[in-house]
Amino acid sequence: LYCAKAQAVAAALAALPELAVMPSPPQTNMMHLFLRGDRARLERAALEIADATGVLLFRSLWPGQIPGFHKLELTVGEATFELPDHEIGQLFADLLARAGHP
């Protein structure tokens, strides 16, 4: 069940050009997300979204292996089932927009 949800979330996130999912599709309930952009702006945008929606997308980012990208580990758990896949995709689209991506 968790792996299937992770795969559905990954599919929703795959539509965002400033975000890459690995592995794609996820083989477990965990995946790595690589976000393009300024780390501080992305982290600030995540906090703004958490304040506005009560959904914390991530706590912090790590340097990615690709220059200009930052990495986070996304684990699908019970709380993830409370949000539709498209809404999770929209939250990450909002994150990228707030951080300076169209």
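**Entry 1: helix H2**

I kept in mind from the start that this is a predicted model. I began with H2, which covers residues 39-53. Its 15 residues reach 21 Å from the first C-alpha to the last, close to the 21 Å expected at 1.5 Å a residue.

Next I asked which residues of H2 are buried. I found Leu42, Ala45, Ala46, Ile49 and Ala50. Looking down the axis of H2, I saw these buried residues fall within an arc of 140°, so they line one face of the helix. On the face turned away from the buried side I noted the exposed residues Leu47, Asp51 and Ala52.

What do the buried residues of H2 pack against? I listed strand S2 (30-36), strand S4 (69-75) and helix H3 (85-98).

Then I checked both ends. At the start of H2, a side-chain oxygen of aspartate 38 comes to within 3.3 Å of the backbone nitrogen of alanine 40. Just after H2, I found glycine 54 with a positive phi of about 85°.

**Entry 2: the strands**

I turned to strand pairing. S1 and S2 pair in the antiparallel sense over four bridges, and S2 and S4 are also antiparallel, over seven bridges.

I wrote down some partners across these pairings. Valine 21 stands opposite leucine 33 in S2, and methionine 22 has histidine 32 as its bridge partner in S2. Phenylalanine 34 faces lysine 71 in S4.

**Entry 3: the nonpolar core**

I looked up the largest nonpolar core and counted 28 residues in it. Those with the most contacts inside this core are Leu13, Leu19, Met31, Leu33, Phe92 and Leu95. H1, S1, S2, H2, S4 and H3 each supply at least two of the core residues, and the largest share, five residues, comes from H3.

Leaving out residues up to four places away in sequence, leucine 95 touches Leu35, Leu42, Ala45, Ala46, Ile49, Leu57 and Phe58. Leu42, Ala45, Ala46 and Ile49 were already on my list of buried residues in H2.

**Entry 4: glutamate 18**

I found glutamate 18 in the loop between helix H1 (2-13) and strand S1 (19-22). Is glutamate 18 buried or exposed? Its relative accessible area is 19%, and the cut-off for buried is under 20%, so I logged it as buried.

The side chains of glutamate 18 and arginine 36 are joined by a polar contact of 2.8 Å. Leaving out residues up to four places away in sequence, I recorded that glutamate 18 touches Phe34, Leu35, Arg36, Phe69, Leu96 and His101.

**Entry 5: aspartate 94**

My last stop was aspartate 94, in helix H3. At 27% relative accessibility, aspartate 94 counts as partly exposed. I also checked the separation between the C-alpha atoms of aspartate 94 and alanine 46: 9.2 Å, with the two residues 48 apart along the chain.

Note on methods: Residues numbered from 1 in each chain as written. Predicted model: local features only at pLDDT ≥ 70, side-chain atom pairs only at ≥ 80, totals over all residues. Heavy atoms only, no water. Expected span 1.5 Å × (residues − 1). Buried < 20%, exposed > 50% of the residue type's maximum accessible area, 1.4 Å probe, protein only. Arc of directions from axis to C-beta. Contact = heavy atoms within 4.5 Å. Polar contact = N/O pair within 3.5 Å; in protein donor to acceptor, adjacent residues only side chain to side chain. Core = buried A, V, L, I, M, F, W, Y, C linked by side-chain atoms within 4.5 Å. Pairing = 2+ DSSP bridges.
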